[in-house]
Structure formats: structure tokens, C-alpha cells
Number of protein chains: 2
Amino acid sequence: MHIHSCIADLRAALKGRGRIVFVPTMGNLHAGHISLMEQARAHGDTVVASIFVNRLQFGPNEDFDKYPRTFQADCDKLAAAGVDVLFAPTEADLYPEPQEYIVEPPAIQNVLDGEFRPGHFRGVATIVLKLFNIVQPQAALFGKKDYQQLMVIRNMTRQLALPIDIIGGETVRADDGLALSSRNGYLGPAERAEAPRLYRLLNEIRDAIRNGNRDFAALENAAIAGLTANGWKTDYVAVRQQSDLSVPAVADARLVILAASRLGATRLIDNIEV
Amino acid sequence: MHIHSCIADLRAALKGRGRIVFVPTMGNLHAGHISLMEQARAHGDTVVASIFVNRLQFGPNEDFDKYPRTFQADCDKLAAAGVDVLFAPTEADLYPEPQEYIVEPPAIQNVLDGEFRPGHFRGVATIVLKLFNIVQPQAALFGKKDYQQLMVIRNMTRQLALPIDIIGGETVRADDGLALSSRNGYLGPAERAEAPRLYRLLNEIRDAIRNGNRDFAALENAAIAGLTANGWKTDYVAVRQQSDLSVPAVADARLVILAASRLGATRLIDNIEV
């Protein structure tokens, strides 16, 4: 695996490489990331991963500084997964000056996670566009665990006419159902034992909808109550249309159930398509 | 010259074409545009022009509807100038749905022309990024007559890490000094005779600065008075730093003098580097 931190070196290394498939990450890699790397192989000739903890998508009170950096272990995992090229820039490489030109997403950036993380999706869209411009891939993979992020990137790519196929990878879960996440490492043992409740409650909502229940608000509120009763602090549990997360669910649309809730200081998100 | 309106056809036609040089226009081509086309040849193997009147950069009370469309004459001029490929999309090709993902420039978008044309540079940045993503050139040329536009595009390109060289082309002028512009066609005969005053006044400011005058505000105000006395309605005459148009001039910096003023219903802009 070739590792580049400099944009010019990376571009030179990718010249003439055939179809490039790109998987951007913030590092601290787990089996969910590795699953994306393995899927990437089927979509092109050269698999490029990136590791960059993007300050622009963290709020002032979020965990940018304590976000886990595990570079050597990440490199070993990527090499073992058959990644061809790793782009691992420093902040000075990607933000040599303050980022002033910004990709501004529409209303979707202000709902769900966007409501609780102001500016987050603007920061995501801007860095992903920059990384796309640097790597110039023909396809890129993003995990469905960050469902709203996947939608923002898919819509941005289409609306800005980028010639890139955006592919969503299924969420990888622990045996007890907890969605793998770099932030799971923040959980203490008791929190880790409690954490799978989030996914169980999403499944309960899905089962209820499949059984004909269309009182989405009641289903959301029951799940929130179930979380609260067990010590969670919930930002949202929401049934939405897959095609537009800023639009409430209606019967017969393709739906997705999304949730964000905190156990202690750790904020977990998950979702499930119906 | 090959002409394409469909994005997929254009991309297929440009595949394997070597170094692509791109000159986007809104049509109604004059010798200033043709000069850019001819300069383009020196920067690559394939010269691609585009013609698209971009609704997104016009204000609600501006001249989008009456902006001159002269497609057949434009094609003849481009072919004669040796342009290889013309991209001439319809609105349905470039905006198949309302444009919701926007490139938001920083403070420069709110000064000078941006103050008098709210949203203009946002619309320019967004369409140019889209056209860049479609054409994927290695270089692109823009006229210096739209100086602030050139700066916005140059800065956007650098900040979004686009691998494109942005080249500014010198303003082409009529024998009497008037900068060529598609909007000159709106001028009546008396207005056309008066119009060169704008450039003459910019030259007077430049000469005064070269002769040591550093009272930029007085120079600006004298030029505005000279325009007003001759029936112009002036938006601005401003001495600014070339490196950042949102910053007022200081002695010893590289300067540019910019102006926008209206003769009757026609708004003319011009500028001159010191």
C-alpha cells in the first residue's frame, strides 16, 4: 500500500490508474470501514482510502480533539484489506489557509443530526468535495450508518454534476446489534451493555410499520420513552422518507427510521430502512 | 467543431483528448471572447467553449430574459477561432431540478459588484464549479474585464483543490477604449459615444497613483463626480488591492481600480490594474 500526505504526490501516483474507487474515513477504523474497503474492490481497479479528521465538521463543543487517532493500526488494517493507496494529509495539506469557499447544502442540513450539529453537513460536504477533487475517483463508498451524510453526499454529487458513482455500504454490527462506530470506544462497560437498545427499538418500530401501524409520531415517542427510561438522552427518533429526510413519513413511501441518542457523554446514531 | 448539449455526450467526446482548456461564456460573443479562445490554444490540446446563460447569477430585476442569444453567429465565430468542442446545454441539462447545493464564496461576494448584485457571485461560483465538473479541464480562461469574477473563480479553484489552472485574459477594447461587453449592444448611439469616459477616468486615476497620489478616496470621488456630471449613475469607483478586493487600497500594494456605472438602463463595468 502506498501512503501519500501531499496532494501533488497523490495525484502523480494515481495518474493512469484506471477506474479509481475512493473510501474517505476519519481513521480509527473498524470492521464497518474494512467492509467498505472490501466492497470497493468490486467497483474499480484502484482502491484509494483517506484518513483525515476534518475539523470543519466538528462543532466547537464536540470531540475533535479527543477523536481517536490510531494511524499505525489503521494502516495495517487497510493494507490487509487490499487498499492500494492511502491518502493521509495533514491539516496544513488540506487547509493551508482558512476554508472560505463552502458547499452549502439545502434544508436537509438543518434537520435530524443537522439540527443538533449546526454546520456539520456543510463541513462534511465541503471536505468531501475537496477530497473528490483531489482523488478524482469514478466511484466512492460511504457507510449507511451515517445515513444523512450519505444522502447529503449523494445529492451534492448529483447536483454539482460530479462524475462519481456514490455507493452506500450496509451498516456492520456487533453480535448484539450495536452499529460499529469509532465513538463506541468512548463507552464504559455498563454503557456498552446498554447500547444495543437503540437498534432493538429501531427494529421494533420497523416491525410495527410492517404490521400496518402508521402512527409514526406515537412510534417515535414510544422509542424515546424507552430510551429515557434507561438513562439515554435522545436528540431524535424519526421516521422519514428515504428520498428526502427533511420530509416527514407518509404511508406507502419508502421509509427509514433514524435515531440519535446519548449514553453518558457518548452520542450514538443508528438507522434502519423499512 | 463538435457541438454537444448533453452532458454524457460531451464527456464521451472529451475522453482521451489530452490536456483540455476550457472557456465558459454566456454567448453573444465579441472579440474579447474570441481572444480568450485564441489564447486557450497555447494552454492545451483541446479547446472547449461553453455557451450557457446562467439564470442563477442574474438578480430578479436583471436582464436574464433580454440577455442577447445569438447562437448561430456564436457558433460561426467559435469555429473560425479554432475551438474544438462547444458545450451548449439547455437549462434542463444543467438544472434538471432546482439547484440546492450552492458554492458560498466569502466576503468578496458582498463588495463592489456583489453589493449591487446580491447573490451574483454565488451563482457564478456554482455554475462554474458545475461546468468544471462536467468538462474536467486542466486549464480555464476568464476575461479580466470581469475582474471580481476572475478572483472569485481563482480563489474557489484553489480552495476547493480543483486541479485546474485559472488564466486571466486581458480586456479587449474598442478603438476609443470602451471595454468590449455583450451589454454594449444595449447602448444607443449617444450612450455609445459617451461610454468610453469610464475607461478614461480609470486611466486618470491610474496616472495619478503612478504620480504619487495616495488619496484614494479623493480620486474615487472625483471620478464619480465626473461620471455624474455626464449623466451616469455610478454604483462604485474603487481602488482595491489585487490580492483581496474586499480590502481597501494601501500604498505599495499591487492595486486595481474598478468601476460600475449605468448609462441609461445599461450597466457597464471596467477595471484597470496599476
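Contact here means heavy atoms within 4.5 Å. Keep that in mind for everything that follows.

This is a predicted model, where local features need pLDDT of at least 70 and side-chain atom pairs count only at pLDDT 80 or more, while totals for chains, interfaces and linings use all residues. Residues are numbered from 1 along each chain as its sequence is written, chains are lettered from A and ligands numbered from 1 in the order in which they are written, and side-chain values use heavy atoms, with hydrogens and water left out.

Start with helices 6 and 7 of chain B. Helices are DSSP runs (H or I, at least four residues), numbered from the N terminus. Helix 6 of chain B covers residues 120-135, and helix 7 of chain B covers 147-159. Which residues of helix 6 of chain B meet helix 7 of chain B? They are B:Phe121, B:Val124, B:Ala125, B:Val128, B:Leu129 and B:Phe132. Facing them in helix 7 are B:Gln148, B:Gln149, B:Val152, B:Ile153, B:Met156 and B:Thr157. By class, that contact has nine nonpolar, three polar and no charged residues. Ala, Val, Leu, Ile, Met, Phe, Trp, Tyr, Cys and Pro count as nonpolar, Asp, Glu, Lys and Arg as charged, and the others, Gly among them, as polar.

Now the geometry. These two helices pack at about 55°, with axes 10 Å apart. Axes are lines fitted to C-alpha atoms over the stretch in contact, and angles run from 0 to 180 degrees between N-to-C directions. Helix 6 of chain B and helix 7 of chain B are therefore oblique to each other. Angles under 35 degrees count as roughly parallel, over 145 as roughly antiparallel, 65 to 115 as roughly perpendicular, and the rest as oblique.

Next, helix 1 of chain B, residues 7-14. Its axis lies 9 Å from that of helix 6 of chain B, at an angle of about 50°. So this pair, helix 1 and helix 6 of chain B, is oblique too. B:Ile7, B:Leu10, B:Arg11 and B:Leu14 meet B:Asn133, B:Ile134 and B:Val135.

Over to chain A. Helix 1 and helix 6 of chain A come within 9 Å, axis to axis, and cross at roughly 50°. Here A:Ile7, A:Leu10, A:Arg11 and A:Leu14 meet A:Asn133, A:Ile134 and A:Val135.

How do the two chains relate? A rotation of 180° with 0.0 Å of shift along its axis superposes chain B on chain A, RMSD 0.0 Å.

Last, domains. Chain A is divided into domain 1 (2-169) and domain 2 (182-269), with bounds from an automatic or database domain assignment. Their centres are 26 Å apart, taken over C-alpha atoms.

Terms used. Copies are superposed by least squares on the C-alpha atoms of residues with pLDDT of at least 70 in both.
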